[in-house]
Amino acid sequence: MNLKRLFSTDAVKGTKEYINSQRKYEIIRTSIYFCLSLALFAAGYITTGSRNNLLTIVAVLGCLPASKSLVETIMYCKYKSLRNEHADLIEKHSKGLNCLYDLIFTTREKTYPVLHMTIRNQNVIGYAESGILSEKNCEDHLKTSLKIDHHTDLSVKIFLDINKYTNRMEQLKNITHDSNKDI
């Protein structure tokens, strides 16, 4: 267990099994935060015999980060990582490509879980399990987000079929690599 990961996930975001492993860290962190608040409240109550003390205020304020952590825990419990058999199939086709796993894109109206994404030259392709999202809406959201970040003239395609996705990955490998064109 990596204790640093309880407070920072930047080094592991986009890696295989990220959502499933991060869920465990979120549960542990949330439990620690709530236990600290409960311990502070109990300490104040035991020492003064009343809940009207300074440690009660500190315990209540400690519930703010604990509650924020609980929201993140619920979010990680809602989604799952890419299935192992699909991950193994994708790994066979991803040599030489820039890849990310377990991505969650959000808008005000909708959330788009993209389980794998590949980027090559001006092409961005993603794989999501069927029934989870609308391909067209997700593609439109990604194009809009990329334009806001000044990445224009990109081809964005989301696949719901693993075989079509891996076929497209093979096609991307054959595209002549121009490092200036990578995102």
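The model is a predicted one, in which local features need pLDDT of at least 70, side-chain atom pairs count only at pLDDT 80 or more, and totals for chains, interfaces and linings use all residues. Residues are numbered from 1 along each chain as its sequence is written, and side-chain values use heavy atoms, leaving out hydrogens and water.

A pocket here is an open set of points on a 1 Å grid over the protein atoms alone where a 1.4 Å probe fits, with protein on both sides within 12 Å along at least five of seven lines; lining residues have an atom within 4 Å of a point. Ten residues line the largest pocket, and Phe105, Met117, Ile119, Val124 and Leu146 lie nearest its centre. Strand E1 (98-106), strand E2 (111-120) and helix H4 (135-148) each give two or more residues to this lining.

Now to the charged pairs. The whole structure has ten salt bridges, each a side-chain nitrogen of Lys or Arg within 4 Å of a carboxyl oxygen of Asp or Glu. Lys16 takes part in two of these: with Asp88, the closest N and O atoms are 3.6 Å apart, and with Glu91 they are 3.1 Å apart. Because Lys16 lies in the segment before H1 and Glu91 in helix H3, their pair ties together parts 75 residues apart in sequence.

Salt bridges that share partners join Glu26, Arg29, Lys68 and Glu72 into one network.

How values were computed: Helices (H or I, at least four residues) and strands (E, at least two) are DSSP runs, numbered from the N terminus.
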